[in-house]
Each structure stands twice: as C-alpha cells, then as structure tokens.
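Student: I have not seen this structure before. Could we go through it in questions and answers?

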Amino acid sequence: MAELERRAAEDAHVSQWEPDELTREICIFATAHRHRVIAKTLAGGAKRLAAYLDESHAPGVLGSIAGDDVVISICSSPELARRVASKLTDTPGE
C-alpha cells in the first residue's frame, strides 16, 4: 500500500511541475534512458539547466551533471526519467 501511495504522490508532483520558459528555450533535445535524462542544450546552457533541475525539485531527479551543452540527470525511476524528459521538450499547454 505504501508503494501505491508513493507513486500517486510522485504522479501528482510530475503533473504539477513545469519547466520555466528559459529552460525550455535552452533545451534543444531531451531523452530518457533507464534512470537517466540526457538533455542537449544551446552552447553554454547545460550548467543552467542542471541547476534548474536540481533546485526546482524536478520530480524524481536525484542529481545532475553538466558539461558545456549536455546534462545528465539521474532519476529515481525510469518512468520519472521519461516524464521529465518529455516535460523539458513539450510546449506549454500541450
């Protein structure tokens, strides 16, 4: 039962979390692979994106590593990784 409650809470958090406009502008591409989100950004944008994912408490993101234009974020589950990657590349309102 506790597992179902935890998943319901995660689902609610994912539904409410939305990346800000600047994050959407600098993120060119994002995909999920297992527990990881790999995001390609405009040149020099990776540190900003990684900091945003960590500080905004993006659902399930345990931590992020940034280069110049690539971010790798580790998530608590493959499902949350897929959902975060999707939110980074979605247009608001879709």
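Student: How many bridges join β1 to β2, and in which sense do the strands run?

Tutor: The model is a predicted one. In it, β1 and β2 run antiparallel. The number of bridges that join them is six.

Student: Which residue in the hairpin of β1 and β2 takes a positive phi?

Tutor: This hairpin has two residues between the strands. A positive phi near 55° is found there, and the residue that takes it is arginine 34.

Student: Which residue of β4 stands opposite arginine 36?

Tutor: β2 also pairs with β4, in the antiparallel sense, over five bridges. The residue of β4 that stands opposite arginine 36 is isoleucine 74.

Student: Which residues make up the covered face of β2?

Tutor: In a regular strand, side chains alternate between the two faces of the sheet. The uncovered face of β2 has Arg36, Ile38 and Lys40. Of these, isoleucine 38 has threonine 31 opposite it. The covered face has Val37, Ala39 and Thr41.

Student: Which element gives the largest share of the largest nonpolar core?

Tutor: That core has 19 residues, and Val37 and Val84 are among those with the most contacts inside it. Elements that give two or more residues to the core include β2 (36-41), α3 (46-55) and α4 (78-89). The largest share is five residues, and the element it comes from is α3.

Student: Leaving aside neighbours within four places in sequence, which residues is valine 84 in contact with?

Tutor: Valine 84 is one of the residues with the most contacts inside the core. With neighbours within four places in sequence left aside, the residues in contact with valine 84 are Trp17, Val37, Leu53, Pro59 and Val61.

Key: Residues are numbered from 1 along each chain as its sequence is written. This is a predicted model: local features need pLDDT of at least 70, side-chain atom pairs count only at pLDDT 80 or more; totals for chains, interfaces and linings use all residues. Side-chain values use heavy atoms; hydrogens and water are left out. A nonpolar core is a set of buried Ala, Val, Leu, Ile, Met, Phe, Trp, Tyr and Cys residues joined through side-chain atoms within 4.5 Å. Buried means under 20% relative accessible area, exposed over 50%, partly exposed in between (1.4 Å probe, protein chains only). Helices (H or I, at least four residues) and strands (E, at least two) are DSSP runs, numbered from the N terminus. Contact means heavy atoms within 4.5 Å. Two strands pair if DSSP finds at least two bridges between them.
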